[in-house]
Amino acid sequence: MENVSHPTPPPPPPSEGASGDALSLTTAYEPLVLMELIQRLKVRDVMTHSVVSVERCIPLWEAQRLMKEKHISGIPVVEEGRLFGLVSMEDIICAIEGGYIAQPCGHYMTTKLVVLEDDMPLSFAIHYFDRFHFGRFPVLNRDRLLVGIVCQRDINRALLDELSKEFSRMEKSVARTTPPDIGPTTYMLREFPVAKYDFENAGKAANAIKTAMLERKFPPKMVRRVAVAAYELEINLVVHSDGGMLTWQIGNGRSEVVAQDKGPGIEDVAWACRDGTSTANEWIRSLGFGAGLGLVNVKRVSDSFEITSKVGVGTTVRSIVNIGAPLEEQE
Amino acid sequence: MTVQDAISVLNAELIASGEGLLKKVNHIVASDLMSDVLLVDEEDMLLLTSLASDQVLRTAQIVGAAAVIVVNGKSLPSSMKKVAADLGMTLAIAKQSKFDTCIALHQRMTS
Amino acid sequence: MKLSEFVETTGFEVLCLPDASVMVEEGYTSDLLSDVVSNCPEDSVLITVQNHTNSIAVCTLVEAVAIVITHDREITKEMIELARQEEIALFRTPLSQFQATCVVASVLNGAIE
């Protein structure tokens with residue numbers, strides 16, 4: 001008689017993981033680049049897509065042979081894309097000790113599985129490895145079919161890849177901030193990724209912009225205007241957008257702050273720019289934001305203000321302040 | 001009245017001391033809505049607020065406030081002390097309500 | 001102090017005054033409605049910038065008798081209507097929250113000359 005009853009369905013993700021806030025890597029002091037990265041990358045971006053698997057009727061020794069040949073420490077048991085269980089190195093060792101290595105995988109596989117979904121952010125996967133101490137997690141898609149497998153090595157490799165891309169981009173922009181020869185004008189360019197609902201870090205970019213401008217000895221009145229615009233735009237990205245980028249550039253005596261997001265877009269831009277307009281909920285208000293003054297305030301401190309938005313695409317807000325030269329250059 | 005004077009009038013607890021501690025207070029702003037604080041065009045203001053969050057300090061830095069006093073004797077999230085130190089912002093906690101804090105400071109300024 | 005007297009002395013703009021004989025005893029200054037709920041004393045006047053119907057609801061809850069909206073913030077018909085229904089007096093001033101607080105305190109206590 002074959003013991004092939006359907007395994008218990010994989011348990012749902014643990015509730016504290018589902019909120020995404022219990023991640024050990026996510027502290028207030030992690031670099032923004034890393035935070036943004038582990039939110040932006042999905043499990044499917046880092047997983048191994050071609051999964052070696054066995055069917056339930058395959059004997060355990062065959063699973064053992066495959067594991068040895070492919071240098072893997074666990075094999076999912078799959079039929080027609082459905083995940084039934086997993087045979088791990090430990091299962092094999094037990095089978096050898098217990099003398100049942102010739103029995104089918106379906107009898108002795110592990111059926112209590114913790115799985116990831118392919119569209120979860122990478123931060124979930126990191127959290128799962130912290131929480132469950134498994135060497136690997138099968139990855140299911142929305143139709144609950146097995147589409148990949150993730151081990152810690154996959155995450156390390158993907159993060160290193162992405163970080164190296166990010167660093168070369170940052171190095172390029174640093175290179176651009178140093179003018180080829182020392183002219184009469186200061187040129188600077190900085191980019192700050194901003195994540196949705198990341199209240200802990202909201203304001204850091206504007207703080208950094210203000211500090212940098214004060215260090216370069218720009219007139220304090222001008223610094224304040226730029227800082228206010230940057231702060232409001234940064235908060236807007238946190239509160240209202242699905243995340244985006246705050247770019248700040250100084251050149252030819254002008255400061256330009258651009259907030260560009262990836263959605264959801266604003267239906268009625270004129271309405272959004274009105275005094276007292278707000279779509280913020282009570283929770284956001286309780287944090288002291290969302291009084292509906294944001295864009296009005298940006299406009300107030302800007303010499304030039306532009307907003308373009310498309311529903312489903314995103315919003316770009318540009319604030320220009322004529323700051324003149326640093327006080328030292330004026331002397 | 002300097003920030004230090006204000007703190008002693010209120011018998012407030014100093015949590016982080018920055019360069020603003022010795023500054024003269026030119027303007028007092030009482031608000032819990034950070035967008036409102038950003039509307040104020042005064043340097044070296046003293047910000048009185050019932051909001052205890054990192055954003056209060058970040059807002060204060062943006063507008064060049066001399067100090068932040070959190071009222072109602074609120075307990076602060078642990079991150080605030082570090083953020084205040086990072087930004088060089090003076091931070092204190094007053095036990096009184098915002099209403100009573102305003103009155104005490106006004107009396108000190110006009111006496 | 002009666003609200004009628006309060007209005008006369010402070011000179012605040014009156015948007016709604018359902019009962020001028022109601023007594024106001026204390027003041028409370030806050031924009032955080034959760035804070036108002038937990039700390040605002042009874043029979044007080046709430047000084048806030050929150051030009052929102054929620055402010056009225058919160059006053060009803062803590063049995064505050066009046067609201068002063070600062071910075072001359074725009075006030076909707078809905079807010080005035082709700083104030084009337086809930087019998088909360090609604091005033092407005094161009095003063096800042098700090099200034100309005102000092103004025104209210106001086107009127108209520110004679111604390112400030």
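In β5(A), which residue is the bridge partner of A:L140?

Reply: The bridge partner of A:L140 is A:L146 in β5(A). This is a predicted model; local features need pLDDT of at least 70, side-chain atom pairs count only at pLDDT 80 or more, and totals for chains, interfaces and linings use all residues. Residues are numbered from 1 along each chain as its sequence is written, while chains are lettered from A and ligands numbered from 1 in the order in which they are written.

Start with the strands. Helices (H or I, at least four residues) and strands (E, at least two) are DSSP runs, numbered from the N terminus. Strand β4 of chain A covers residues 136-140. Five bridges join β4(A) to β5(A), and the two run antiparallel. Two strands pair if DSSP finds at least two bridges between them. The open sheet of chain A has three strands, in the order β3-β4-β5, with mixed pairing. β3 (116-117) and β5 (146-151) of chain A each have a single partner strand, so one side of each has no neighbour in the sheet.

Now the core. A nonpolar core is a set of buried Ala, Val, Leu, Ile, Met, Phe, Trp, Tyr and Cys residues joined through C-beta atoms within 7 Å. Buried means that 20 or more other C-beta atoms lie within 10 Å of the residue's own (exposed: 12 or fewer; partly exposed: in between), with C-beta atoms placed from the backbone. The largest nonpolar core has 150 residues, and A:A230, B:L46, B:V68 and C:A66 touch the most other members. Helix α10 of chain A (residues 220-240) gives the most to this core, with 12 residues.

Take C:A66. Leaving out residues up to four places away in sequence, C:A66 touches C:L3, C:V24, C:V45, C:I88, C:A89 and C:F91.

Last, the chain contacts. Two residues are in contact if their C-beta atoms, placed from the backbone, lie within 7 Å. Chain B has 20 residues in contact with 20 residues of chain A. On that side of chain B, α3(B) supplies the largest share, seven residues. Chain C has 17 residues in contact with 17 residues of chain B. On that side of chain C, α5(C) gives the most, with five residues.
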